[in-house]
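Here is a friendly walk through a protein model for someone meeting it for the first time. Keep the sequence and the 3D view open as you read.

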Amino acid sequence: MDRGIPRREFVKTAVAIGGSAALAACLQRETAPDLPTGPDDLSGLPARQHAWNDVLATDEHGNDLAPRHHMLRLMDYSDDGQPTGAAQETMERALRTLERAYPRSNEGLLFTVSYSPAYFDRFDEPLPDSVDLQEPRTLAPFEEPELDRPDVVLHLASDYGSVLLAAEEAMFGDAEELNGVSVEASFDDLFDPVDRRTGFIGEGLPAGHQDVEGIPDSKPVPDDAPMYMGFKSGFKKNQATEDAVSIRAGPFADGTTQQLSFIRLHLQQWYEQDSRYHRVATMFCPIHAEDELVEGSGDNLGDTSRMTETGCPVHTEEHAREYGVVGHSQKSARARRDDQPLMLRRDFDSTNDGRASLHFLSLQRTISDFVDTREAMNGTDVAESGPVGQRTNNGILQYMTVERRGNFLVPPRACRSLPEVRPDR
């Protein structure tokens with residue numbers, strides 16, 4: 001790895017490559033804090049694996065800031081049968097090593113482990129009715145994604161690439177220590193690797209990694225943009241709360257469901273042909289473009305995308321007829337429960353395979369909530385009733401292709417290690 005590469009690009013490259021050599025190089029280049037270890041007593045950790053928000057950094061408006069670096073390890077359980085008690089114990093010891101090694105925060109390490117419907121098919125009885133975990137499927141007439149069905153997904157996240165690489169080495173390599181904590185168990189004999197995906201989110205990172213397929217050679221991604229399309233997302237008031245996405249009853253209470261899509265971005269027209277007006281109108285709403293509500297990447301909006309204030313969602317079909325365009329946020333905001341969003345987004349950009357991409361990771365109480373939100377985002381009803389096309393001028397659909405999709409259950413922490421369908425909690 002060339003020492004002339006800027007630090008941010010170097011760290012992203014190291015995380016994407018992986019391995020002990022990448023970890024050693026990353027440690028030399030990355031300015032990481034001298035992190036303490038995590039707690040010896042783990043009994044005080046939250047019951048919910050997905051309870052990240054209380055330990056995330058926030059911006060000046062109170063929006064939660066996602067960890068800057070992410071890694072997804074997709075795996076199959078090595079045994080075709082039901083997991084043994086010994087396997088469950090080994091996995092739990094490995095996960096507790098991660099918890100004891102690093103503080104549970106964006107600067108330390110955050111992680112979840114989730115399971116697909118294929119994993120639960122090994123059991124003789126179905127999941128309880130309190131869990132809505134559907135097989136992944138095509139959700140729009142214009143998409144043909146490959147459907148991901150690995151048994152297990154481990155999602156690791158940290159502001160520091162070196163933390164992710166060290167955690168990965170501990171779980172899948174030969175590391176004996178992790179941040180001074182003895183590694184007592186790993187995933188080596190439990191799982192067979194299926195895929196490894198990495199990504200990033202945060203101001204400066206997309207602009208520093210735009211020399212990839214899908215983005216014009218003019219390097220148009222703004223320096224302050226947290227994502228490739230130039231606008232921020234994850235406004236606090238437009239995200240479901242962790243409580244809202246948590247399963248309410250049954251043996252998996254305090255768990256959630258996770259949807260994971262790999263989306264390829266096509267941003268040549270977005271940046272080289274479309275006007276700023278059009279980008280704002282298709283990302284947010286025509287009213288946002290008309291009234292010039294969005295400055296730069298949208299930080300001026302505060303903690304909300306202002307969908308409610310502008311009334312954009314309820315006027316979607318009207319805007320299609322009047323402006324010939326509707327916004328992505330405008331359409332998606334139509335899917336709500338008790339006037340609240342259904343999903344908590346934890347997505348991030350990627351350069352996997354040398355292409356500008358998005359790992360769209362969302363948490364919701366039921367997979368049906370994701371399906372409802374996706375159908376609202378499709379805007380098929382709008383295309384049928386006005387001048388907006390199936391994809392053209394219909395939000396940001398024409399700038400992305402869903403290549404892969406999978407659905408998973410994120411169990412509560414008490415039964416996160418190779419759970420049974422009716423875990424004894």
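Predicted model: local features only at pLDDT ≥ 70, side-chain atom pairs only at ≥ 80, totals over all residues.

Residues are numbered from 1 along each chain as its sequence is written, and side-chain values use heavy atoms, leaving out hydrogens and water.

**Charged pairs**

Side chains of opposite charge can pair when their charged atoms come close. A salt bridge here is a side-chain nitrogen of Lys or Arg within 4 Å of a carboxyl oxygen of Asp or Glu, and searching the whole structure turns up 29 of them. Here are three of those pairs:

| Pair | N to O distance |
|---|---|
| D64 and K236 | 3.9 Å |
| R73 and E168 | 2.7 Å |
| E168 and R196 | 2.6 Å |

Helices (H or I, at least four residues) and strands (E, at least two) are DSSP runs, numbered from the N terminus. Take the salt bridge between D64 and K236. D64 sits in strand β2 (residues 64-65) and K236 in the loop between β9 and β10 (256-265), so this pair ties together parts 172 residues apart in sequence.

Next comes the salt bridge of R73 with E168. R73 belongs to strand β3 (residues 69-77) and E168 to helix α5 (residues 161-172), so parts 95 residues apart in sequence get tied together.

R196 is partly exposed, with a relative accessible area of 23%. Elsewhere on the list, salt bridges that share partners join E92, R96, E99, R413 and R416 into one network.

**A loop residue**

Now look at N393, in the loop between α13 (380-385) and β16 (400-410). N393 is partly exposed, at 23% relative accessibility. Which residues does N393 touch, not counting those up to four places away in sequence? Its contacts (heavy atoms within 4.5 Å) are H278, G324, V325, V326, V388 and Q398.

Definitions and conventions. Buried < 20%, exposed > 50% of the residue type's maximum accessible area, 1.4 Å probe, protein only.
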